[in-house]
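Subject: Structure handover

Hello,

Here is the structure you will be taking over. Please open it alongside this note. My findings follow below.

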Amino acid sequence: MANYIEHPLLKKNGLESRIYQKVLAADALKKGNTMIVAPTALGKTVIAILVAIDRLVKLKNTKILVLAPSKPLTIQHEESFREFTTVPVTSITGGIKADEREKRWKESTVICATPQTVESDLLKGRYTLEDVSLIVFDECHHAVGSYSYVYLANRYIQERENHLILALTASPGHDKSKIKEVCNNLFIQDIVVKSEDDSDVKPYFNPINIDWVPIELGRELKKIQDLLNKSLKTRLKALKNMGVISSITVSKRDILQAQSRIRNKLATTTNPPKECYQAVSIVTAVINVQHSLELLETQGVSTLNQYIKRLEKKKTKASKNLFLDSNFSRAARLSRIAEDNGHEHPKLKKLIQILNNELGLDDGQTRIQSLRNAPDSESIEAPKILVFTQFRDTLEVIHQKCQEEGIKSVKFYGQGKSGGEKGLTQKQQKEIIKSFKMGNYDVLLSTSVAEEGIDIPAIDLVVLYEPVPSEIRMIQRRGRTGRKHEGKMKVLLTKGTRDEAYFWASKRKESNMKYQLVEGDLFDNLNLNAVERIESVRSIKAVEEETSNKSSDNDNQDKVKAKSKPTKVSIYADSREGNSTIIRNLDQIGVKVEIREMAVGDYQISNDVIIERKTTKDFRSSIVDKRLFKQATLMREEFKKPIMIIEGNDLYAGFLDPNAIRGAIASIAIDFGISIIPTRNSDDTAAMIKRIAFTEQKGNNTPIQIRTERKPDNLWEQQQFIIESLPNIGPVTAKKLLERFGTVKNVLNASAEELQEVEGIGLKTAENIVKVIDSKYLHFKKDNSNQKLI
């Protein structure tokens with residue numbers, strides 16, 4: 001008989017008592033910011049619940065924030081906390097309106113949310129983290145680079161002194177430096193690793209049997225493989241002879257690095273030799289052939305042919321030369337013939353065999369379907385099978401084959417557009433998963449989107465159409481089975497191909513991850529490093545507040561210091577910059593940012609200064625699509641001191657002629673008189689914007705007028721602009737008013753009765769217009785504690 005945990009904030013007989021979960025929760029509460037590394041299905045969410053209820057009891061009137069990288073996973077956490085606890089629980093995602101999010105935050109005790117949404121709300125001042133006693137970072141391996149987890153952890157440490165962070169993951173990565181980065185970014189003081197082999201876990205863990213299924217490529221596909229390898233070898237030899245690479249035995253990474261070196265040489269040389277341009281074309285062709293080989297070896301001819309069709313549509317020199325190559329063109333022709341003759345990848349046949357065996361297919365009808373027709377069919381459930389594959393083209397091939405074989409399958413993929421095909425909306429994804437749960441489909445065919453963050457029911461069998469070289473993704477995929485009973489996973493492995501390389505890569509990385517976590521030196525000074533980082537973050541905040549106080553001093557400094565709150569330099573950011581890292585960086589260095597819709601520029605510093613920030617990639621793109629000079633024209637017309645920041649160290653890295661880039665920069669600076677400031681990265685950009693704001697705003701208390709609309713150019717536009725500012729008057733009605741009365745002055749002098757003669761203006765609108773025009777100007781000014789009418 002199961003034992004249940006008793007707690008004032010837990011529902012009675014709701015949460016089963018497992019010793020290892022209670023021990024892990026107790027350790028986190030005792031040791032501070034903790035990362036728990038454990039396989040899926042070991043109940044990491046339950047551990048989070050145990051830590052959360054303890055904090056809520058000991059720290060009254062506080063909140064718990066549970067963060068997850070996707071909306072479905074966020075909803076899962078909300079449902080778990082509702083199922084087991086008695087506290088008010090809600091969810092906050094980007095699909096909820098801002099006012100409703102703010103309301104939910106105030107009224108709830110446990111908030112489950114997507115990190116990007118919380119980051120956006122914090123930057124816009126809708127709430128703070130001051131009363132949050134615990135933040136749970138689920139799938140914490142995402143806490144690298146510029147991901148929102150990094151900012152939120154930093155902000156939390158700044159705002160909450162009695163803080164606690166609980167980080168959860170099945171794998172933080174194989175690389176020591178990445179694991180350390182995650183630990184540093186989340187201020188981790190202790191790492192706990194649990195596995196299915198631990199004695200206290202074994203009774204609750206369902207083993208997963210993994211079967212590696214070897215596949216022979218087949219004679220027809222080997223012919224195509226040989227031709228593609230010849231095409232690749234010819235180009236690799238050419239690159240070696242040119243000194244671009246040192247050996248023809250190279251990886252995809254080696255080729256990408258070579259491409260970067262060539263581009264850099266093109267950018268930094270005034271008159272680069274013709275060989276450089278030739279090398280760029282050859283490298284691009286090599287990348288295309290390498291990808292073609294990968295598709296052939298791991299996916300099949302149908303997917304390869306779809307890729308070749310897309311290549312044929314390209315008009316680049318590299319693409320044209322490929323189809324002039326007899327080896328590549330013959331490989332493309334044989335691939336089309338193979339598809340026409342039904343010679344798909346042998347994996348497809350093996351996959352169908354596996355599915356048939358699992359579902360009990362017999363003479364066109366599954367055993368499960370036969371049993372469903374029996375009187376007691378309600379008790380029969382078909383096995384749930386999840387098939388992973390990398391590419392949507394392959395997904396379609398498998399789906400069509402399943403349909404031919406009478407296997408009830410459904411395609412499941414992401415929201416992004418791929419190869420001209422629209423993605424699934426979140427609503428469509430939900431409907432597919434719901435149908436799969438209800439048994440309308442026996443096989444879910446999915447791309448990587450189902451690896452994490454999707455609420456998929458207990459899976460009996462996971463099939464990988466190809467191995468993936470990432471240990472994190474392999475662990476995530478494996479974790480989809482074995483949740484309620486013993487799990488099974490089969491991995492199709494084509495011998496002598498990239499499948500084998502990816503297989504060994506994932507095995508090596510997972511082994512290395514376990515070594516780093518269990519036997520490596522990650523734990524050395526882990527707590528000390530976290531404490532130092534916490535102190536560093538808080539000292540930065542203290543310095544910012546002290547600097548702000550000093551900048552607000554006046555003649556009576558002591559008195560002002562005692563009464564005034566710290567003030568920051570303030571800037572306005574365009575709403576389109578809301579997801580950029582610049583705004584969070586500005587917030588972290590003590591800059592007050594208000595997000596508004598702006599007609600010109602990205603950051604407005606004063607009535608005179610506007611900043612347009614461009615990454616090097618965006619700068620190059622804006623030259624090509626001719627946005628650059630239109631933006632420069634508007635900046636020059638609207639502001640006295642326009643500034644353009646170009647961010648990044650790879651301005652000449654693209655294929656655009658370096659002289660075209662230099663010419664654009666010269667024109668912006670000379671023809672338009674716009675100051676150009678280079679910055680290294682987003683951190684440097686934020687620091688530069690702050691310095692500009694500090695210089696411009698020092699001693700200047702003039703309110704900033706935000707340019708939400710561009711100033712009209714022509715006289716008639718200016719006239720219409722004035723009339724549109726009247727109550728309930730849009731462009732159409734403004735035009736009618738001017739046509740009726742002739743001048744702006746006549747419109748403003750018109751009576752309510754005269755205004756009503758214009759179509760679209762009723763009595764109420766006319767009276768409001770007259771009231772605005774005739775009323776005396778009044779405004780409210782705050783005077784210490786009371787509002788006085790001035």
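**Findings**

Leaving aside its neighbours within four places in sequence, N728 is in contact with T765 and N768. Contact here means heavy atoms within 4.5 Å. N728 sits in the loop between α27 (715-724) and α28 (731-741). It counts as exposed because its relative accessibility is 62%. The cut-offs are these: buried is under 20% relative accessible area, exposed is over 50%, and partly exposed lies in between (1.4 Å probe, protein chains only). The C-alpha atoms of N728 and I761 are separated by 8.8 Å, and the two residues are 33 residues apart along the chain.

A word on the source. This is a predicted model, in which local features need pLDDT of at least 70 and side-chain atom pairs count only at pLDDT 80 or more, while totals for chains, interfaces and linings use all residues. Residues are numbered from 1 along each chain as its sequence is written, and side-chain values use heavy atoms, with hydrogens and water left out.

Helices and strands are DSSP runs, numbered from the N terminus: helices are H or I with at least four residues, strands are E with at least two.

How do α2 and α3 meet? The axes of helix α2 (residues 44-58) and helix α3 (residues 71-84) come within 11 Å and cross at roughly 55°. Axes are lines fitted to C-alpha atoms, for helices over the stretch in contact, and angles run from 0 to 180 degrees between N-to-C directions. α2 and α3 are therefore oblique to each other. Under 35 degrees counts as roughly parallel, over 145 as roughly antiparallel, 65 to 115 as roughly perpendicular, and the rest as oblique. From α2, the contact uses T45, A48, I49 and A52; from α3, H77, S80, F81 and F84.

**The parallel sheet**

Two strands pair if DSSP finds at least two bridges between them. β8 and strand β15 (residues 487-494) pair in the parallel sense over 8 bridges. P214 has L493 of β15 as its bridge partner.

**The mixed sheet**

Another open sheet of 6 strands has mixed pairing and the order β17-β16-β18-β19-β20-β21. Its edge strands are β17 (592-596) and β21 (675-679), each pairing on one side only. Strand β16 (residues 570-574) and strand β18 (residues 603-604) run antiparallel, joined by 2 bridges. Y572 has Q604 of β18 as its bridge partner. Helix α23 (residues 616-624) packs on this sheet and touches β19 (609-615) and β20 (641-647); its direction makes about 95° with that of β19. Helix α24 (residues 627-638) lies across β19 and β20 at about 165° to β19.

**Buried spots**

Which residues of strand β3 (residues 89-92) point which way? V89 and S91 point one way, T90 and I92 the other, and all are buried. β3 runs parallel to strand β4 (residues 110-113), with 4 bridges between them. T90 stands opposite I111 in β4. In helix α7 (residues 176-185), I179, V182, C183 and N185 are buried. F187 follows α7 and has a positive phi, near 60°.

Best wishes
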